[in-house]
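Please look through the sequence and the structure shown below. Some questions and answers follow.

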Amino acid sequence: MHVIDRNKFSNHSKYGCSQSDFALCITNCCKSFLVEDDELLDYYTNPENLGLIIHLKPKSLCPFCSSAAFSFTRIESFNDLVEYENPWKKYFRDGKFVADVELSNREATAAELFDFLIGNFDGFSFCLRFSLFKDTKTKQISIHGVFSEFSSYFRDNLQIIQNSKLRKLFRLIELTFRIADSVNDAVCTCFLENIAGESFSDVIKPHLGTNSFEYYKKYGG
Ligand SMILES: [Zn+2]
């Protein structure tokens with residue numbers, strides 16, 4: 001079900017037709033949001049001015065950042081959104097944004113992240129057992145070590161990781177930015193940097209929260 005409420009939206013737009021429905025989309029180049037009229041293939045780029053529409057051709061540049069590598073992903077449901085805060089929010093369907101409620105009062109602690117990685121990524125605990133990031137004397141591994149190890153796991157297994165897990169992972173990662181502590185440092189320096197600039201960036205970009213994306217971009221994301 002679309003995130004955009006058809007009535008709220010069409011009340012403010014002079015375009016659209018009786019068959020129109022409106023899909024929120026996110027660009028893969030710069031993570032900007034636009035709305036697609038899925039019947040007329042008109043595109044709205046400014047939530048403050050629905051009188052402004054654009055038409056896209058196969059080789060169109062990004063209307064936001066002018067990138068030639070322009071593409072976008074449709075957001076099919078609230079579950080596909082990393083954050084509820086959004087420039088188009090006033091046109092959203094009413095309803096609870098479940099993920100936000102789930103996570104709003106939680107901190108992403110080292111223990112929480114560790115449990116999440118072990119519980120959700122098959123075979124990762126096995127990788128940790130033989131990890132070179134373990135302290136040779138104590139056999140313990142720091143949260144920095146965990147994410148360094150997870151970077152390799154992530155690269156090797158991304159193709160089989162379900163979207164729902166990617167979403168949860170990057171939501172937890174985004175939460176670490178609320179407190180700039182060693183956990184956030186581990187996530188940034190031992191994971192986001194490691195996975196930036198790889199061929200799979202289009203797969204993960206839609207899942208990155210605002211702060212994660214800013215950081216990731218600095219390293220060639
Ligand atoms: Zn762009």
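**Questions on the chain**

Of the 221 residues of the chain, 26% count as buried. The model is a predicted one.

Q: How many helices and strands does the secondary structure of the chain come to?
A: From the N terminus on, the order of elements is α-β-β-β-β-β-α-α-α-α-α-α-α-α. The secondary structure comes to nine helices and five strands.

Q: What does the C-alpha trace of the chain span along its principal axes?
A: The span is given along the principal axes and refers to the C-alpha trace. The values are about 70 × 35 × 30 Å.

Q: What distance separates the centres of domain 1 and domain 2?
A: The chain is divided into domain 1, residues 6-96, and domain 2, residues 106-218. Taken over C-alpha atoms, the centres of the two domains are separated by 30 Å.

Q: How do the residues of the side of domain 1 that touches domain 2 divide into nonpolar, polar and charged?
A: Domain 1 and domain 2 are in contact through seven residues from domain 1 and twelve residues from domain 2. On the side of domain 1, the residues divide into two nonpolar, three polar and two charged.

Q: Are helix 5 and helix 7 roughly parallel or roughly antiparallel to each other?
A: Helix 5 covers residues 143-157 and helix 7 covers residues 182-195. Their axes come within 9 Å and cross at roughly 25°. Angles under 35 degrees count as roughly parallel. Helix 5 and helix 7 are therefore roughly parallel.

Q: Is the crossing of helix 5 and helix 7 left-handed or right-handed, and how do the residues of their contact divide?
A: The crossing of helix 5 and helix 7 is right-handed. Residues that make the contact include F147, F150 and F154 of helix 5 and V183, V187 and F191 of helix 7. The residues of this contact divide into ten nonpolar, five polar and one charged.

Q: Why does Y219 count as partly exposed?
A: Y219 lies in the segment after helix 9 (210-218). A residue is buried with 20 or more other C-beta atoms within 10 Å of its own, and exposed with 12 or fewer. Because Y219 has 14 C-beta neighbours inside 10 Å, Y219 counts as partly exposed.

Q: Which residues is Y219 in contact with, leaving aside its neighbours within four places in sequence?
A: Y219 and A196 are 23 residues apart along the chain, and their C-alpha atoms are separated by 5.8 Å. Contact requires C-beta atoms within 7 Å. Leaving aside neighbours within four places in sequence, the contacts of Y219 are E193, A196 and G197.

Note on methods
Residues numbered from 1 in each chain as written. Predicted model: local features only at pLDDT ≥ 70, side-chain atom pairs only at ≥ 80, totals over all residues. Helix = DSSP H or I, 4+ residues; strand = E, 2+ residues; numbered from the N terminus. Domains from an automatic or database assignment. Contact = placed C-beta atoms within 7 Å. Nonpolar A, V, L, I, M, F, W, Y, C, P; charged D, E, K, R; others polar. Axes fitted to C-alpha atoms, helices over the stretch in contact; angles between N-to-C directions. Parallel < 35°, antiparallel > 145°, perpendicular 65-115°, else oblique. Left-handed = near helix turned anticlockwise from the far one by under 90°.
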